[in-house]
Structures are given as structure tokens and as C-alpha cells.
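Please go through the model below from its sheet to its helices and core. The paragraphs that follow take these in turn.

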Amino acid sequence: MLQEFLNQKTVYQGTSMKEFGFIRDLLDHNKIPYKYKTTDLQHNSYMGHLGVTRSLGGNWNSKETLLYEIIVNMDDYENAMYLITKEKK
């Protein structure tokens, strides 16, 4: 399992559902395999019920409570990043 973790790299991490969907569609279209994770920032065990979100500035946008992450194999990383960068321009 550690070997698998070391052979992967994140191509997107953020709170934009639009960008998350765009990148997943782009990877699907180009047949680049990926995995994704979502983390609920309001109920995360690190931030959860400790009042941390309030202390992060008070302007916490309730619409952006999910953190999205897209992960590809190391062999596909450069190609994925090239496609993402090219399409964002």
C-alpha cells in the first residue's frame, strides 16, 4: 500500500466543485485514470467541533465546505498537468 501511495501525485486540491468536475471530465476524455477524495471541512476530525473554522477568519463560506482532491499515477502526472494547464488558458 505504501508503494501505491508513493507512486501517486495530486493534480487538484481545492474547494471548487466546478473545477473539480472540469478536471475529472478532462482526465476521463483523455483516458487518464485517477482517484478522488472529498473531505468535509466542517466535520473533519481535525477541525470538527473545536471551533477552528470560526477562528480561521470568520468569513467561512458555507458553500465551500468540501475539499476535493484528484490523484493520478506518477506516470500520468506530467501529461495530466499539461492538459489541465493548457485547458485553463
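**Sheet, helices and core**

The buried residues of α4 pack against β1 (8-14), α2 (17-29) and β3 (66-73). Here helices (H or I, at least four residues) and strands (E, at least two) are DSSP runs, numbered from the N terminus; buried means under 20% relative accessible area, exposed over 50% and partly exposed in between (1.4 Å probe, protein chains only); and contact means heavy atoms within 4.5 Å. This is a predicted model, in which local features need pLDDT of at least 70 and side-chain atom pairs count only at pLDDT 80 or more, while totals for chains, interfaces and linings use all residues. Residues are numbered from 1 along each chain as its sequence is written, and side-chain values use heavy atoms, with hydrogens and water left out.

The buried residues in α4 include Tyr77, Ala80, Leu83 and Ile84. Helix α4 has 15 residues (74-88) and should span 21 Å at 1.5 Å a residue, which agrees with the 21 Å between its end C-alpha atoms. The expected span is 1.5 Å times one less than the number of residues.

Three strands form an open sheet, ordered β1-β3-β2, with antiparallel pairing. Because β1 and β2 (34-40) stand at the edges with a single partner strand each, one side of each is left without a neighbour in the sheet. The twist from one strand to the next averages 20°. Two strands pair if DSSP finds at least two bridges between them; β1 and β3, which run antiparallel, are joined by six. Gln13 has Glu69 in β3 as its bridge partner. Helix α2 packs on the sheet and touches β1, β2 and β3, its direction making about 20° with that of β3. Such angles run from 0 to 180 degrees between N-to-C directions, and axes are lines fitted to C-alpha atoms, for helices over the stretch in contact.

Glu69 lies in strand β3 and is buried, with a relative accessible area of 14%. Leaving aside neighbours within four places in sequence, Glu69 is in contact with Thr10, Tyr12, Gln13, Phe20, Lys35, Tyr36 and Lys37. The side chains of Glu69 and Thr10 are joined by a polar contact of 2.6 Å.

In soluble globular proteins, nonpolar side chains tend to be buried together. The largest nonpolar core here has 15 residues, and Val11, Leu27, Ile70 and Val72 have the most contacts inside it. Elements giving two or more residues to this core are β1, α2, β3 and α4.

Definitions and conventions
Polar contact = N/O pair within 3.5 Å; in protein donor to acceptor, adjacent residues only side chain to side chain. Core = buried A, V, L, I, M, F, W, Y, C linked by side-chain atoms within 4.5 Å.
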